[in-house]
Amino acid sequence: MELLRNSSVALQKAVKEGKGTYHILSHTNSIQSYKNYSIGRDLKKVIENNELEFYIQPRVDSTTKQITGAEALIRCRHPKWRLLLPGEFINIAEENSLITDLDNLPFDGKIIQDRRKHHRFTSTARLKQN
């Protein structure tokens with residue numbers, strides 16, 4: 001039964017990739033599929049409960065050693081898979097129609113202010129959301 005299911009999944013992936021392609025399904029694929037399913041299932045709750053984490057990454061001028069700006073980075077902490085980088089959850093959000101929810105998240109000004117104090121950002125430093 002598992003062989004039929006795996007062959008069906010492999011066929012669906014090959015068809016999705018386009019004409020003249022094939023897909024090999026292995027144990028590794030099953031683990032990744034489970035991880036994607038698990039993240040997709042829990043991502044909606046994480047977004048609704050405002051449990052995404054924001055980090056500030058300063059940009060420093062290498063000659064003056066002054067902070068010239070910063071990027072606000074978003075991360076997702078999953079109970080099973082730990083801290084997820086955007087490359088691990090953005091595509092899953094798109095596949096589960098949650099990308100608009102991510103785009104519409106209020107960028108918490110309090111987080112920015114707290115991080116500016118911590119990193120001693122000047123008021124002229126530019127902050128880029130990523």
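This report walks through the fold, core, hairpin and a few side-chain contacts of a predicted model.

## Ground rules

Residue numbers start from 1 along each chain as its sequence is written, and side-chain values use heavy atoms, with hydrogens and water left out. Since the model is predicted, local features need pLDDT of at least 70 and side-chain atom pairs count only at pLDDT 80 or more, while totals for chains, interfaces and linings use all residues.

## Overall layout

The protein chain has 5 helices and 4 strands, where helices (H or I, at least four residues) and strands (E, at least two) are DSSP runs numbered from the N terminus. Read from the N terminus, the order is α-α-β-β-β-α-α-α-β.

Of the 130 residues in the protein chain, 28% are buried. Here buried means under 20% relative accessible area, exposed means over 50%, and partly exposed is in between (1.4 Å probe, protein chains only). Take the contacts (heavy atoms within 4.5 Å) with a separation of 6 or more: 49% of them come from residues 24 or more positions apart.

## The nonpolar core

A nonpolar core is a set of buried Ala, Val, Leu, Ile, Met, Phe, Trp, Tyr and Cys residues joined through side-chain atoms within 4.5 Å. The largest one has 15 residues, and the members touching the most others are Leu-43, Ile-47, Leu-52, Cys-76, Phe-89 and Leu-102. At least two core residues each come from helix H2 (27-48), strand E1 (52-60), strand E2 (67-78) and helix H3 (86-95), with H2 giving the largest share at 4 residues.

Leu-102 is a handy place to start looking. Skipping its neighbours within four places in sequence, Leu-102 is in contact with Ile-47, Leu-52, Phe-89, Ile-90 and Ala-93.

## Helix H3

Which residues of H3 are buried? They are Phe-89, Ile-92 and Ala-93. Looking down the axis of H3, these buried residues fall within an arc of 105° (taken from the directions from the helix axis to the C-beta atoms), so they line one face of the helix. Gly-87 and Glu-95, on the other side of H3, are exposed. Just after H3, Ser-97 takes a positive phi of about 55°.

E1 and E2 pair in the antiparallel sense over 9 bridges; strands count as paired if DSSP finds at least two bridges between them. One of the bridges links Val-60 to Ile-67 in E2. The two strands form a hairpin with 6 residues between them, and Lys-65 in the turn has a positive phi of about 65°.

Thr-63 also sits in the loop between E1 and E2, and counts as exposed at 66% relative accessibility. Its side chain makes a polar contact of 2.6 Å with the side chain of Asp-61. A polar contact is a pair of N or O atoms within 3.5 Å; within protein, one must be able to donate a hydrogen and the other to accept it, and residues adjacent in sequence count only if both atoms are side-chain atoms.

## Side chains on H2

Asp-42 lies in helix H2 and is buried, with a relative accessible area of 10%. The side chain of Asp-42 makes a polar contact with the side chain of His-78 at 2.7 Å.

There is 1 aromatic pair. Rings of Phe, Tyr and Trp (its six-membered ring) pair if their centres lie within 6.5 Å; planes under 30 degrees apart count as stacked, over 60 as edge-to-face and the rest as tilted. Tyr-34 and Trp-81 are edge-to-face, at 6.1 Å centre to centre with 65° between the planes. Tyr-34 lies in H2 and Trp-81 in the loop between E2 and strand E3 (82-84), so the pair ties together parts 47 residues apart in sequence. Tyr-34 is partly exposed at 38%, and Trp-81 is partly exposed at 23%.
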